[in-house]
2 protein chains.
Amino acid sequence: MITLDLDEVPTVVTAGVPLFSDALIEQGVRPVPVEWAPPAPDTATALDAIAGDRRAEEATAESARRLATARPHWVGIGSARDLLGLGPREFLHAGPPVDWADAAGPLRGALIGAMLYEGLATSVDEAERLGASGAIALAPCHSRGAVGPMAGVVSASMPMSVFEDSVYGRRAYCTLNEGLGKVLRFGAYAPEVIDRLRWMERVLAPALAAALHRHGPVDVPMLIAQALQMGDECHNRNRAATSLLLREITPDLLDTAETPARAAEVFRFISGNDHFFLNLSMPAGKAAADAARDVPGSRLVVSMARNGTEFGIQLAGTGDEWFTAPAPPVEGLFLPGFGPADANPDLGDSTITETSGIGGFAMAAAPAIVRFVGGKPADALTNTLRMYEITATEHPLYQLPVLDFRGTPCGIDVTLVVRTGIVPVVNTGIAGREPGIGQVGAGLVTPPMSVFADAVRALAQRVEE
Amino acid sequence: MITLDLDEVPTVVTAGVPLFSDALIEQGVRPVPVEWAPPAPDTATALDAIAGDRRAEEATAESARRLATARPHWVGIGSARDLLGLGPREFLHAGPPVDWADAAGPLRGALIGAMLYEGLATSVDEAERLGASGAIALAPCHSRGAVGPMAGVVSASMPMSVFEDSVYGRRAYCTLNEGLGKVLRFGAYAPEVIDRLRWMERVLAPALAAALHRHGPVDVPMLIAQALQMGDECHNRNRAATSLLLREITPDLLDTAETPARAAEVFRFISGNDHFFLNLSMPAGKAAADAARDVPGSRLVVSMARNGTEFGIQLAGTGDEWFTAPAPPVEGLFLPGFGPADANPDLGDSTITETSGIGGFAMAAAPAIVRFVGGKPADALTNTLRMYEITATEHPLYQLPVLDFRGTPCGIDVTLVVRTGIVPVVNTGIAGREPGIGQVGAGLVTPPMSVFADAVRALAQRVEE
């Protein structure tokens, strides 16, 4: 096992009464305050009500077991129209439910882009009017078995990957990753964005579908397991996983390509984007998390997601109910020319990676990620170690070499979050707050504690009923 | 910075008088003895003679600077006949000079295979007679600007990669990696081995040469730098580097392939072998180490190499002279069905990786490698930290995320080895001791201290002259 060297001044995290931190400051230590206070009386009562309930313990363990042992495979590609029955004026988005009036800039931008792509509007103004008129229907990706990075917008014509869990049988869906810079998921809708979406529909999706058909189901959790031994955490760093995916599918891509030039075009597109794999690690997490759903009494978090306005979670023991709070800002590094004032609050379903035991929870695997999200390599280790305090199990397949191949912390127990005051650590991208901008940075986000407290109270109420 | 946790029993390394280790054993600690004793009187005199010599210090620093700042690119592929002027009965091999009579089993096996491949013999018996007759000429790869993994046998028809250092202009050469299992470099010569060599000459080399020509020089040090942030140390673990190489060259491979099926054949061959990149990290190291050669007075080790019978080194300050000792055994993990009794002593030029600041010296980058070579992940970190004690510089490009992006320990100063008693750490494969067997395992080897002491004395003598 490995710990921090105390040759350097230790980082001290303080919580609760200021007496402790004041004493440290007097001794020359600069503590990092965390926003923790004892749970409010009604939350404490709720915690007590469900504490020591053997059936709830078993339910939580069962949820966690399913989450950690699901084995979702990438089995095919089709359109959202065919796979999800999405209508011409229906759009999915990341996070908990939200309407146009409350939608954040990048979500509006992505919806405008999707309307242009679908031919529902021919100008940005027309798309905005259509959005505001109530003529389009919005629903969370999570409500349709899907997940989407950042704005997470899905429209009927978009190609979706299909995942199928070979253990519990759940299916999950996700779009293909568009690449970097000006892309729909970060709220951009310039002509190049729409052109790329059309190329993905016309060229990329059929080529990948044919390769996948010839290859057979791709064991994505096995690729994640390998990538965790190659410096990825599979949320904000997917360089190894994208490389391994290319090694896995390229022979079949070549065997099924119309021409070598077409195969080269597809290979270049995927290889040009280290984040390509994110849109595979996400639905793998979604299928696993959905296997953990709907276990009465279970305290397990089965979704964490943000729509750019609100941060929300769902529990295995409380059905489809969302517990939400305003989306927090992201602390991190900005691309040249951008700063905190340009940033939208936290956005996207990509927190399904943390929900399923990778991403921020597996940061110890990815010390080099601090060059992208900020901080020091030792922080990556600290973040993972902290997550063992709030998780119900360790993932049997996702192992961390630096921790002697210990499994990643997996399955957030909402009561542990509230008791310890430790919230899940999340790596994420940062979108520009205005529609049409795109990505402005990447960093870490601190989820709001209130959503976990709200969830505990709702769970206690269900148990009483 | 990161250190070992003392919750576990510490590993104690003891050297010198047994009193210390005996005391530890009585306290229940099992020390790891290292073979260190104060340098013999003549070596100590030699060390004193060259100590504090400002010109020698500067020479060593200059050698180390060249080693760490060379930038060798992969620029082409040709035959050993054309590139090195190798005659039909000339063969190169790994390590210091050796003749047929003293050649180890796997080296003889590889020479037999190469004679069959060249059509010099049609049976193993005939090849053995030819070898013993003195009708074939043997020379070290290192003497011709080349390096070869394990037996390192090169014959005239074999395709070689050409490396060119864009800073100091040196060229270096290496064969293409054959894959795993029964392969020539581990001493196997079955028909499948010879067939594969012919396929490499006929199909692989021309396809790669065309792709490389279209691509332009491949910046191999940049790939190594990335792979070190992806869990490779680029000697015994090359999974990330091989993946990145495929991403780099596949588009050009597709653009130049005769048919998609031919491209798929080549892609599958490279992707089927995580060690493919080893034969690129080695000549990159060779070109850099050769840039550091021939600096009068320099204490820098510019080659470490083994022919299966002897382990040898060369210094920048002592020209082409080899300092040798019997090759030590390799401690490690064996493939199913094999054990230490099946193992040949240490073999191969692949120690050029350690000579140039990667491999065992960069093990901290590759904690997962312990599953292949044995030991615990913490040992990987310890090995790298120890190498800073015997090296003259840190590599500016090869950085270790887990050590806060510190450069790898680079450039072995022979006087530091003798003063500290710390020998270079080397990851390596293990060949079967009988000709024709192939690989039997992988592990770590402890080079013989005497070669470093011999080199110090020779250096002192040159300085006196």
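This is a predicted model: local features need pLDDT of at least 70, side-chain atom pairs count only at pLDDT 80 or more; totals for chains, interfaces and linings use all residues.

User: Nice. At what angle do α9(B) and α10(B) pack, and how far apart are their axes?

Analyst: The angle is about 170 degrees, and the axes are 11 Å apart. Angles over 145 degrees count as roughly antiparallel, and α9(B) and α10(B) are therefore roughly antiparallel to each other.

User: Switching to the chains: how many residues of chain B are in contact with chain A?

Analyst: There are 34 of them, in contact with 34 residues of chain A. Elements of chain B that give two or more residues to that side are β1 (2-4), α9 (239-256), α10 (260-271) and α14 (377-387).

User: Which element gives the largest share?

Analyst: That is α9(B), with ten residues. By class, the side of chain B that touches chain A has 19 nonpolar, six polar and nine charged residues.

User: And what rotation superposes chain B on chain A?

Analyst: A rotation of 180 degrees, with 0.0 Å of shift along its axis and an RMSD of 0.0 Å. The two copies are thus related as by a two-fold rotation axis.

User: Which residue of chain B comes closest to the rotation axis?

Analyst: B:Met230, whose C-alpha is at 2.1 Å.

User: Why do you say the copies meet through the same surface?

Analyst: Because 100% of the interface residues of chain B are also interface residues in chain A.

Key:
Residues are numbered from 1 along each chain as its sequence is written. Chains are lettered from A and ligands numbered from 1 in the order in which they are written. Two residues are in contact if their C-beta atoms, placed from the backbone, lie within 7 Å. Helices (H or I, at least four residues) and strands (E, at least two) are DSSP runs, numbered from the N terminus. Ala, Val, Leu, Ile, Met, Phe, Trp, Tyr, Cys and Pro count as nonpolar, Asp, Glu, Lys and Arg as charged, and the others, Gly among them, as polar. Copies are superposed by least squares on the C-alpha atoms of residues with pLDDT of at least 70 in both. Axes are lines fitted to C-alpha atoms, for helices over the stretch in contact, and angles run from 0 to 180 degrees between N-to-C directions. Angles under 35 degrees count as roughly parallel, over 145 as roughly antiparallel, 65 to 115 as roughly perpendicular and the rest as oblique.
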